[in-house]
Amino acid sequence: MHILLTGAAGFIGAHTAQRLLARGDTVLGIDNLNSYYAVALKQARLAPLLAQAGFSFEPLDVADRAAMAALFARQRFDAVVHLAAQAGVRYSITHPEAYLDSNLTGFGHILEGCRAQGLGHLVYASSSSVYGGNTKMPFEESDPVDHPVSLYAATKKANELMAHTYSHLYRLPTTGLRFFTVYGPWGRPDMAYFSFTRAVLEGRPIQVFNHGHMKRDFTYIDDIVEGLLRVLDKPATAEKAGGAPCRVFNIGNQDPVALMEFIGCIEQALGREAIKEFLPMQDGDVPATYASTEALQRWVGFAPSTPLQDGIHRFVRWYRDYHAV
Ligand SMILES: NC(=O)c1ccc[n+]([C@@H]2O[C@H](COP(=O)([O-])OP(=O)(O)OC[C@H]3O[C@@H](n4cnc5c(N)ncnc54)[C@H](O)[C@@H]3O)[C@@H](O)[C@H]2O)c1
């Protein structure tokens with residue numbers, strides 16, 4: 001297949017590109033290489049992709065309407081994997097405009113491009129954050145998700161609604177994946193596992209929010225990519241006769257881990273104890289996430305299961321190697 005992959009220099013995007021190329025697909029990666037976190041890390045993720053014949057890259061902003069329309073007019077794709085977005089819950093409190101531009105306007109441009117091509121399948125990133133402060137666990141796709149607690153979450157929920165509209169009106173098959181706290185080598189520096197590792201190695205305190213009373217369903221990157229590829233290969237169909245070819249799946253580990261246990265895992269992998277600074281809950285954050293992956297399992301016969309300890313060890317090995325520490 002020839003695939004348009006947005007957010008190709010990002011954490012999940014670069015891993016996805018690698019797997020697509022390994023199985024023989026060709027990939028056009030786009031990314032605006034913004035400076036939300038170190039651009040050098042994004043370029044380092046791109047470097048091994050650029051060395052492969054099946055990969056090409058264009059520095060494009062999905063929020064640029066004319067550039068996106070020109071791209072879809074210039075090249076035909078068999079499928080689109082849309083991962084470019086402004087990520088992060090806390091940043092959406094201070095920088096709402098980045099979310100409006102990339103996650104809403106940008107998503108609209110992707111849908112328009114797919115519609116214009118009569119595309120076979122759009123797979124896009126949603127997020128566990130759409131569940132907001134829901135307390136019914138595990139989170140299931142059929143649960144109400146009408147009470148987001150951050151603008152980030154609201155944009156992801158909006159993406160699901162926009163995708164449904166295009167599936168309904170234009171029969172565009174769309175599949176949204178609600179990722180649950182993805183971690184692993186080449187990960188994102190703004191996420192807790194990354195910043196905790198850096199702080200512990202530098203002998204600085206780590207900030208433990210909600211006094212450590214949090215639970216997260218952590219999902220290892222290889223599991224995410226496996227699930228994504230399986231979903232990509234099975235274009236969404238309508239759930240009911242006459243319905244829209246539109247699906248949304250959780251993709252998590254189904255095994256929420258307490259924050260203090262998670263910190264223990266990092267300490268063990270580093271062979272050092274963290275200095276902990278206990279703080280209250282932050283705005284926009286949620287106390288717990290827990291994925292039900294039964295729907296995904298039924299759809300593609302796969303659900304993530306890498307144990308946190310294994311994944312954190314692999315991350316720490318990469319971190320030490322990449323930073324030479
Ligand atoms: N990592 C997680 O735990 C997680 C959880 C839930 C959802 N997600 C979603 O998964 C997707 C990928 O996340 P990630 O962790 O790889 O994040 P990431 O920030 O590493 O990757 C996103 C990439 O998109 C690019 N980008 C941002 N805005 C853009 C724009 N307007 N035009 C073009 N490129 C743009 C960035 O430069 C970046 O390289 C995002 O949509 C994110 O919201 C991630």
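What we have here is a predicted model, where local features need pLDDT of at least 70, side-chain atom pairs count only at pLDDT 80 or more, and totals for chains, interfaces and linings use all residues. Residues are numbered from 1 along each chain as its sequence is written, and side-chain values use heavy atoms, with hydrogens and water left out.

Okay, the ligand. There are 29 residues around the ligand, and the ones that come nearest are Asp-31, Tyr-37, Asp-61, Tyr-152 and Val-182. "Around" has a cut-off: a residue is in if one of its heavy atoms lies within 4 Å of the molecule. What is that shell made of, by class? It has 16 nonpolar, 8 polar and 5 charged residues. For the classes, Ala, Val, Leu, Ile, Met, Phe, Trp, Tyr, Cys and Pro count as nonpolar, Asp, Glu, Lys and Arg as charged, and the others, Gly among them, as polar.

Which elements supply the shell? Helix 1 (11-22), strand 5 (122-127) and helix 6 (151-170) each give at least two residues, and strand 5 has the largest share, with 3 residues. Helices here are DSSP runs of H or I with at least four residues, strands are runs of E with at least two, and both are numbered from the N terminus.

Now some atom pairs. A polar side-chain atom of Tyr-37 sits 2.5 Å from a ligand oxygen. From the backbone, an N or O atom of Asn-32 is 3.1 Å from a ligand nitrogen, and one of Gly-10 is 3.2 Å from a ligand oxygen. The ligand exposes 820 Å² when taken alone, and the protein buries 98% of that; those areas come from the Shrake-Rupley method with a 1.4 Å probe.

Two backbone details, quickly. Met-137 and Pro-138 are joined by a cis peptide bond, with omega about -10°, and Pro-138 is in the loop between strand 5 and helix 6. Arg-171 isn't a glycine, but its phi is positive, near 55°; you'll find Arg-171 in the loop between helix 6 and strand 6 (174-179).

Back to the helices. Helix 7 (residues 192-202) and helix 9 (residues 259-270) have axes that come within 10 Å and cross at roughly 50°. The axes are lines fitted to C-alpha atoms over the stretch in contact, with angles running from 0 to 180 degrees between N-to-C directions. That pair is therefore oblique: under 35 degrees is roughly parallel, over 145 roughly antiparallel, 65 to 115 roughly perpendicular, and the rest oblique.

Helix 7 also packs against helix 11 (residues 308-323), at about 60° with axes 11 Å apart. And the opening question?

Notes. A polar contact is a pair of N or O atoms within 3.5 Å; within protein, one must be able to donate a hydrogen and the other to accept it, and residues adjacent in sequence count only if both atoms are side-chain atoms.
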